[in-house]
Amino acid sequence: MTETARLAQLLASRLQALWGTAVEITDIQRLPGGASRESWGAAAQTADGAEHRLILLCDPGGSERQRDVAVEAAAMVAARAGGVPAPELYDHGAQALGPGRAYLLMERLDGETIPRRLLRDDAYAAARPGLARRLGEVLARIHRIDPGQIPGLPQVDALGQLTELYQGFAEPRPALELGLRSLREHQPAPVADTLVHGDFRTGNLMIATDGLAGVLDWELTHRGDPRQDLGWLCTKAWRFGSPRPVGGFGPRADLMAGYAAGGGTPPDEATQHWWELYGTVRWALLCRSQAERYLSGAEPSVELAVLGRRVCEQEFDVLLALGHATPIQMPDPLEDREYPPVRPHDRPSGPALLNAVRDFLATEVGSRDAADPVLKFHTRVAANALRIAEREALLAPAHEQAHRNRLAGLGCADDKDLCAKIRDGSLDHRSGDVAEAVRAATVDKLTVANPAHLAIPD
């Protein structure tokens, strides 16, 4: 029995127990995206002929993760009861789909979540102008929910959690050291804890042609500082290239006006800036955390592998936020590239072979299997991975030598030594030199990983 057929059977059995009537799963398919868990769309028909459209979120089979979805489920239920547009939850648990396979089963809302469509397609043109204010109103409503009504809701010290996550990797990253130091030195005064969604941003919002249809993905919900949600929504990563800071939809003023209208207290400009910097450092570390699942050998996923090469995007954005970098136009090193032979090897060269496989994935596999959205998505990711490998093959020797020279110029043996000196302040008298060395190293990394990101303004 295939995985799809087995899931359909398990869902039918579970829904029959919940609804007290015979249920047939008439359609089920894996949906693209979702690095932390699988997403499935399904249609269920009951004995009276009624149709129900469903979304199933679940850990992949064989996962060693022990996820507790009870808090997430309780937060969704409380939010919906509090007037937040959220999908109706039908079921959740950890055993019905197999050992260690935690899941949530909910209604499927109508609308779109894919950012490039929401921010560019004409179908959503009428919805976009009002979204920043509407999102502020909804966040205020979330923050009014009593966190005490959600059993087991974790309390999170936001900066402490970030520092612990960074230290857990034991991997020196000078750009993030600069970001963390700034966060420590300028942390705003605390406010009263509230319920925090934890991942309120474009991509986790279901948008219909007439506006917001639902708030999704309550996986990171916790008790903490409500301003975290406001900063996260405006973090540069979630603008997807748009110049409008509120998730790519509109200005901060609209967000804050909606938040105030909903009963929230908007932060001042400096505090909002702090939380947006926090969000950038956080996303860098979450990308690195996702990549660790690949690096450790736990999950052989090309999507997780490529996330490891996105960390430098956020590092550059940290430097932008701190005023240590400005956007630059960087041509892709692969454009109009010729590959000279490397003797004694034959042609085509290694980088040229990567190019050939990348083009095959992009033009042959991706188009041929367009009916399978998951395969099409992973094909695009794999083609991007090959572009990264191709650029690295061309540029790595020169980049490595340049990095050694930069470290030597600062009197540092390696990145670990540089990070230690950023932390203890022993290079503060050369802060401009440090910022320039970190900027240059980050530009080199992005030139390989995603040169187009260098041109996107803060």
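Start at the second largest pocket, which takes up about 730 Å³. Of the 27 residues lining this pocket, select H403, D415, A441, D444 and K445, the closest to its centre. (A pocket here is an open set of points on a 1 Å grid over the protein atoms alone where a 1.4 Å probe fits, with protein on both sides within 12 Å along at least five of seven lines; lining residues have an atom within 4 Å of a point.)

You're looking at a predicted model: local features need pLDDT of at least 70, side-chain atom pairs count only at pLDDT 80 or more, and totals for linings use all residues. Residues are numbered from 1 along each chain as its sequence is written, and side-chain values use heavy atoms, leaving out hydrogens and water.

Which kinds of residue make up the lining: nonpolar, polar or charged? Twelve are nonpolar, four polar and eleven charged.

Now hop over to the cysteines. There are zero disulfides in the whole structure; that would take a pair of cysteine sulfur atoms within 2.5 Å. Pick C287: its sulfur is 9.7 Å from the closest cysteine sulfur, in C312, so the gap is too far for a bond. C419 has no disulfide either, and its nearest cysteine sulfur, that of C412, is 9.2 Å away.

Finally, C287 is buried at 0% relative accessible area, and C419 is buried too, at 1%. Buried means under 20%, using a 1.4 Å probe and protein chains only.

Key
Buried < 20%, exposed > 50% of the residue type's maximum accessible area, 1.4 Å probe, protein only. Points joined across faces, edges and corners; volume = space filled by probe spheres on them. Nonpolar A, V, L, I, M, F, W, Y, C, P; charged D, E, K, R; others polar.
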